[in-house]
Amino acid sequence: MTTTRALRGRLLASLVAVALLLLAAPAPSSAHVAPATAASDEADTLKTVYFDMFAQQRVKPRRIFLSANAGQYLKRLRWSDWGSATTTATGTFVSDCASCPPPEKRGAEVRMKRLRTCTKKGVQTYRKIVVTLSEPSEGNDVVRFTLPGGCP
């Protein structure tokens with residue numbers, strides 16, 4: 001009985017957290033982007049964003065969550081050349097969940113490239129996103145993985 005009550009409490013807390021995140025998300029902008037005369041001019045006028053797992057637009061995200069519920073994530077991301085053809089961030093990969101492999105924290109590099117215009121959203125985003133970790137997980141060599149990119 002106590003275990004069931006604890007699970008219900010955790011589920012309710014998770015649902016409340018997700019609801020608060022959705023309520024705190026900025027409303028879609030109604031601003032109109034004027035049509036550009038050339039593709040390069042258009043890229044210069046469009047805001048560059050990263051779409052998180054909830055399809056929310058983030059500019060130079062400081063955190064990127066890799067799962068929706070108590071999983072691994074990237075934090076303290078510091079970006080260089082945001083909005084250019086290729087951007088890179090350095091930060092920390094956190095793997096502190098119960099089923100995650102050690103080590104809990106290690107350095108990470110995030111590289112985004114292949115800018116694409118999201119016409120319906122009036123922004124541009126990166127299609128290719130690669131994360132490289134500074135240390136292996138339990139004896140592996142280099143740990144490198146991709147994240148979903150592009151328009152939602």
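Predicted model: local features only at pLDDT ≥ 70, side-chain atom pairs only at ≥ 80, totals over all residues.
Trainee: What share of the residues in the protein chain is buried?
Mentor: A residue counts as buried under 20% relative accessible area. The protein chain has 152 residues, and the buried share of them is 30%.

Trainee: Is strand S5 largely enclosed or largely open?
Mentor: Strand S5 covers residues 86–94. Of its 9 residues, 7 are buried, so the rest of the structure leaves S5 largely enclosed.

Trainee: Which strands pair with S5, and over how many bridges?
Mentor: Strand S4, residues 73–80, runs antiparallel to S5 and is joined to it by 6 bridges. S5 also pairs with S6, again in the antiparallel sense.

Trainee: Which residue of S5 is the bridge partner of Leu74?
Mentor: For Leu74, the bridge partner in S5 is Phe93.

Trainee: Which residue in the hairpin of S4 and S5 takes a positive phi?
Mentor: The hairpin has 5 residues between the strands. A positive phi near 60° is found there at Asp81.

Trainee: Which residue in S6 is the bridge partner of Val94?
Mentor: In S6, Val94 has as its bridge partner Lys105.

Trainee: How many aromatic pairs are found, and at what angle are the planes of Phe65 and Tyr73?
Mentor: A search of the whole structure finds 4 aromatic pairs. The rings of Phe65 and Tyr73 have centres 5.5 Å apart, and their planes make the pair tilted. Phe65 is partly exposed at 47% relative accessibility, whereas Tyr73 is buried at 14%. The answers are 4 pairs and 35°.

Trainee: How are the rings of Trp79 and Trp82 arranged?
Mentor: Both residues count as buried, Trp79 with a relative accessible area of 14% and Trp82 at 16%. Their ring centres are 5.0 Å apart. Planes over 60 degrees apart count as edge-to-face. The planes here are at 70°, so the pair is edge-to-face.

Trainee: Which residue forms one aromatic cluster with Trp79 and Trp82?
Mentor: Trp79 and Trp82 are themselves a pair of rings. The cluster takes in one further residue, Tyr126.

Trainee: What accessible area do Met53, Phe54 and Phe65 have together?
Mentor: These residues form a nonpolar patch on the surface. Phe54 is in the loop between strand S1 (47–51) and strand S2 (57–58), and is partly exposed at 36%. Phe65 is partly exposed as well, at 47%. Together, Met53, Phe54 and Phe65 have an accessible area of about 280 Å².

Trainee: Which residues does the disulfide join, and how far apart in sequence are the parts tied together?
Mentor: The whole structure has 1 disulfide, from Cys118 to Cys151, with an S to S distance of 1.8 Å. Cys118 lies in strand S6 (residues 105–118) and Cys151 in the segment after strand S8 (144–147). The pair therefore ties together parts that are apart in sequence by 33 residues.

Trainee: Is the link of Cys118 and Cys151 left-handed or right-handed?
Mentor: Cys118 counts as buried at 3% relative accessibility, and Cys151 as partly exposed at 24%. The angle about the S-S bond is -95°. The link is left-handed.

Trainee: What distance separates the C-alpha atoms of Lys120 and Cys151?
Mentor: Lys120 lies in the loop between S6 and strand S7 (123–133). With a relative accessible area of 86%, Lys120 is exposed. Along the chain, Lys120 and Cys151 are 31 residues apart, and their C-alpha atoms are separated by 9.1 Å.

Terms used: Residues numbered from 1 in each chain as written. Heavy atoms only, no water. Disulfide = S-S within 2.5 Å. Helix = DSSP H or I, 4+ residues; strand = E, 2+ residues; numbered from the N terminus. Buried < 20%, exposed > 50% of the residue type's maximum accessible area, 1.4 Å probe, protein only. Pairing = 2+ DSSP bridges. Patch = residues over 30% accessible without salt bridge, like charges linked within 9 Å, V, L, I, M, F, W, Y side chains within 5 Å. Areas by Shrake-Rupley, 256 points an atom, 1.4 Å probe, with all protein chains shown as cover. Salt bridge = Lys/Arg side-chain N within 4 Å of Asp/Glu carboxyl O. Phe/Tyr/Trp six-rings, centres within 6.5 Å; stacked < 30°, edge-to-face > 60°.
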